[in-house]
Every structure is written in C-alpha cells, then in structure tokens.
Amino acid sequence: MKYSFLKNSAKPIIILIISVFVFSLLMKVLKIENFDTIFIFLILFLLISIFTLLISEINRQKRIRKLVHRFYEDTDFSSRDKLIEELGIDYKPLVESVFYNQKKLLSKFEYNRSELINYRDIIEKWAHDIKTPLAASSLVLDNNKSNMDDDLYQRLNISNQQIKNKLDTVLYYARANSSKKDYDIKKLKIKDVLDNTLIDFYPIIMEKELRIINNVSDVDVICDYNTLSFIISQLLSNSIKYAENVITFKTIEDNDVIFKISNDGHMPSNRDMAFLFDKSYTGSNSHLSESTGLGLYLVKSFADDLGIGVHAYVAGGKFNIELSFRDINAF
C-alpha cells in the first residue's frame, strides 16, 4: 500500500492528540497559570512528535523493503536474521517458514536445471551421432546412383534430407534454450546463403514439382551464417509443406534489407496468424502436413536473438514471411 506508513502511524498519533487534548483540558479546568504559553508548547510538541513518528515509520518501511528484497535475492541466514530483527520476534516463525520453503524451492530448481542441461547435452550428442551414419548413407546413395532405380534413389535422397532437417531442428531447439550461443557475426551475401541452403531441398522440390522463383539480389547483411541458413531452411521447409505450385524468394532494399519468401499454398486463417510463431502451434492446416509447430517458433526465437525482424502476412493470394535486416551501414 502506497501510504501504509500513515495507517501504521495512525494509532500512536491519535493517542498523542488525545493525550495533549486531555492534558490541555485539565490545565484549563485547574486554571494553570501561563496556560496559553504552555498550550503553544504542547501543540509544537505534538507536531514535532507526529513528524518524528511519520519519518521513523517511513524509514522503517524502507529498511523492511530492502531487507525483504535481500532475503529473497540471497536467502541466507544473515538476511533471515536481519529481517527477523527488524520485524520483531513475533514474526520469527513466519520468516523461518518462508526461509526453509524458499531453500527447498531453490534446491529443487537447481536440480531440475541440472537435469535439463544433462538432457539437452544428451540430445545434442545423440543428434550429432546420428548425423555420422546419415552422411555415410548419403555417400552410399551417391556412389551407387548408377546402379539404382531413379525413383528409388530420389525417394531415399528425400528421406535423408528430411531426417537431416529434423535433426537440425532438434539441435537448434536445444540451442535455443541455452543461455550462451556462439555466433560468428560477419558480413554475408544473403543470396549465397539461400543458394547453398536450397541445394539440399532440390530433391523434394522436384518430387513435388514445385517451381522456384529466385529474385534475391547480391546484397550484404550482417548475421551468423549457420543460423541464417537454418532460419531460411525452416522457412523453405514450411513453404514446401503447403505450396501448390510456386515458391518465390525476393529481396527488397530500403533503409533495411528485407528477405521475403512466398508460397501459393493453403493460407493460414486470421486466427492462425496471431499464434503463428508460438511454440508447438500447428494451426488449422496441420492436417495437411506433419507439422510440429517448432520450425516457425525457432525462426522467431533465433531471429529475435540476432536482431532480425520477422513479419508474416497474406497478400496477393500468397502467404509471405519477411526477414528484416538492419542497414549494414548502422554497424
């Protein structure tokens, strides 16, 4: 309560006022000499006492707030004892109960945090380990392409790419929850990143008979190469799921550089647009694909981390997602 010091000081102030009033009335009845002078001193005493009480209560509440804040920040024996000393012995059982409950919660939190870190490390190691036989599988496929049926080779190649994409999603999801991310921020040509990312997706693009329109200019941006490649791969994977005929890439150069990817597939509803980048949200079109709701969530998470603006909208019969990079001259 903002003015609780007034409420806490009300009783002693009322007692003081009543005491001065009764004492003054008694002096009046007894016809004490120099009553007027004494009464003035009593009023001055009363005002000084009220002022002192209020200042004392304000300072006390400041001390309590400071001690409570330290108590919750540190939760050690020293902060506990100082808070009890300030509040009074009557509050000792309450403060000690809060203290030991807080200790239990902190201990549980640290245990869960440790378990989560271990779990993340296991997942990362597992995903990296899986990439080794996956790379070997791709190499075997390439070496035996001439001995295989073209349709079989294409389907196996697509399956390998889908596994790789899902492994990358798992790795970046684990990384997204890490407090420390090792970015290598430098000047990149967004066209090079897109072209290299597209290579892995050509088999499935051909399988679905999609047309790619690449209007990306040779423009520089400041970013981390691997993370930008992952972001583009997730946007591309999402477009491939829903596109019917065409996927378009385009750059727009204004004060900022805007990279846009569009597809002509099923449009998200107005309700879906509000939750598009939420974790695990698959939307009303989820029955059209095996969507997990992680791809766009990770896009937004890493884009925010790198200072990249993300904007999704429907226009011209297409679903569009734009990445907005800050002007390179601003760095």
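Author: The largest cavity holds about 40 Å³ of space. A cavity is a set of points on a 1 Å grid over the protein atoms alone where a 1.4 Å probe fits but cannot get out; points are joined across faces, edges and corners, and the volume is the space filled by probe spheres set on them. The model is predicted, local features need pLDDT of at least 70, side-chain atom pairs count only at pLDDT 80 or more, and totals for chains, interfaces and linings use all residues. Residues are numbered from 1 along each chain as its sequence is written, and side-chain values use heavy atoms, without hydrogens and water.

Reader: Which elements give two or more residues to the lining of the largest cavity?

Author: The lining, whose residues have an atom within 4 Å of a point, includes Leu 235, Asn 263 and Phe 319. Elements are DSSP runs numbered from the N terminus, helices (H or I) of at least four residues and strands (E) of at least two. Those giving two or more residues are helix 7 (225-242), strand 5 (257-263) and strand 7 (318-325).

Reader: Against which elements do the buried residues of helix 9 pack?

Author: Buried means under 20% relative accessible area with a 1.4 Å probe, protein chains only; in helix 9 (residues 295-305), Tyr 297 and Phe 302 are among the buried residues. With contact taken as heavy atoms within 4.5 Å, they pack against helix 5 (150-176), helix 7, strand 6 (309-315) and strand 7.

Reader: How far apart are the end C-alpha atoms of helix 2?

Author: The expected span is 1.5 Å times one less than the number of residues. The 40 residues of helix 2 (residues 35-74) should therefore span 58 Å, which agrees with the end C-alpha separation of 57 Å.

Conventions: On a 1 Å grid over the protein atoms alone, a cavity is a set of points where a 1.4 Å probe fits but cannot get out, and a pocket is an open set with protein on both sides within 12 Å along at least five of seven lines; lining residues have an atom within 4 Å of a point. Buried means under 20% relative accessible area, exposed over 50%, partly exposed in between (1.4 Å probe, protein chains only).
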